Amino acid sequence: MAPIVPEILTTEVAVIGGGIIGLGIAWEAQRAGHRVTVIDPAPASGATFAAAGMLAPVSELHYQEDELLALTLASAARWPDFVASLPATAETGFNTSPTLVLGGDPADRKALADLRDVQLAHGLEVTQLTIREARAQEPLIGPQISCAYKVEQDHQVDPRAMAAALRTALQDAGAAASGSEGAAPTFLEVSAVELLHEDPSDSFSRVSGVELADGRLLQAREVIVANALGAPGLAGLPEGLALPIRPVYGDILRLRVPEHLRPLTTATIRGIVRGLPVYIVPRADGTVVIGASSREDGSAGVSAGGVHQLLRDAQVLVLAVAELELLETTARARPGTPDNAPLLGRVAGADGKDIPGLIIATGFFRHGSPHRHCRPHHAAIAGQHHGSGVDGISS
């Protein structure tokens, strides 16, 4: 019997992973004139589906993350142009309203004051408000609030809407450029199982494409590995390349605001309540997103304790949360790294030179666009910046 010859498709840029990161990279590549194919069995159904979409380089500042701050600020600055690159009719939920940060009890007030000292030391703009000023801005904030700050640089986007807009834009542009024989479609809803190499016996040789789960081969000039937690399991990665990412689960809630309470809030509200972070993100459709817990218990299901905690703490920030209709509870895993910094860049081969045809883009954790160059055998090294992600639960 003659051997079965696999079907061979071609593209210029193959992006493994159809979350917000993969879609954003694919859109930028397509805008630059490249033919693009996104490989994902269920695009935008992972962490992107759950993400609150906060673009929050100031509020997300953590101690000893100075280098990461520079990258998140650069990313946030690129968002207006990134959104403007999409068709004018695209719905993205991009909102540049300032974020309001609130504290619950006196200990929370102290924690936020200490954080503000760090933020100010880094030249960030964080304005302290009186409780009366905060309530004038958002009348429904709770009576127990101990402090309030306004953060002008922290904004938001709707990840589900943004992903849909990117998919539509990619499909439309791809359809206009299609037609050559053997050309892959813009989206292949199938899993990628292995990287193909110019020399199959040498994992440091040029990456020439991707083998798909259905047996087809996709030839490409560049392959971007952007499938989050699935990246380390991809066969054909350069020998010794360590992608130290782990699942950090988060529970997130979506609730409908009754007509008589709209708008519940006009700004994203973040807070610390009894030492625990919580946020309320308004959407244009009259819903709000409340999140997000953080746990590393390995459980992919929604945590009853996490839901209780989020609702309890959100009601401290905005008492009327108790009157909302609970529409959805979701849990997804963020791809975390040891130092919280995403991994994005070329990979060095045994000779120290970059392996042609391969880019890694994963490990975005609670951020969504700063990056680091990947190197085999050791942790990532700080690199340049490419902005296309979201905060909250990202990738």
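Which residue in S17 does Arg-256 stand opposite? It's Thr-287, and the views below start from there. The model is predicted, so to speak, with local features needing pLDDT of at least 70 and side-chain atom pairs counting only at pLDDT 80 or more, while totals for chains, interfaces and linings use all residues. Numbering runs from 1 along each chain as its sequence is written, and side-chain values use heavy atoms, with hydrogens and water left out.

**View A. Strands S14 and S17 side by side.** S14 (residues 246–256) pairs with S17 (residues 287–291) in the antiparallel sense, over 4 bridges. Strands here are DSSP E runs of at least two residues, and helices are H or I runs of at least four, numbered from the N terminus; two strands pair if DSSP finds at least two bridges between them.

**View B. An open sheet of 8 strands.** The order reads S6-S7-S5-S15-S16-S17-S14-S18, with mixed pairing. At the edges sit S6 (127–129) and S18 (325–336), each pairing on one side only. From one strand to the next, the twist averages 25 degrees.

**View C. Helix H4 on the sheet.** H4 (residues 106–121) packs there, touching S5 (99–103), S6, S7 (147–151) and S15 (269–273). Touching means contact, with heavy atoms within 4.5 Å. The direction of H4 makes about 30 degrees with that of S7; axes are lines fitted to C-alpha atoms, for helices over the stretch in contact, and angles run from 0 to 180 degrees between N-to-C directions.

**View D. Around Leu-166.** Beyond its neighbours within four places in sequence, Leu-166 is in contact with Ile-20, Leu-23, Gly-24, Trp-27, Phe-82 and Leu-86.
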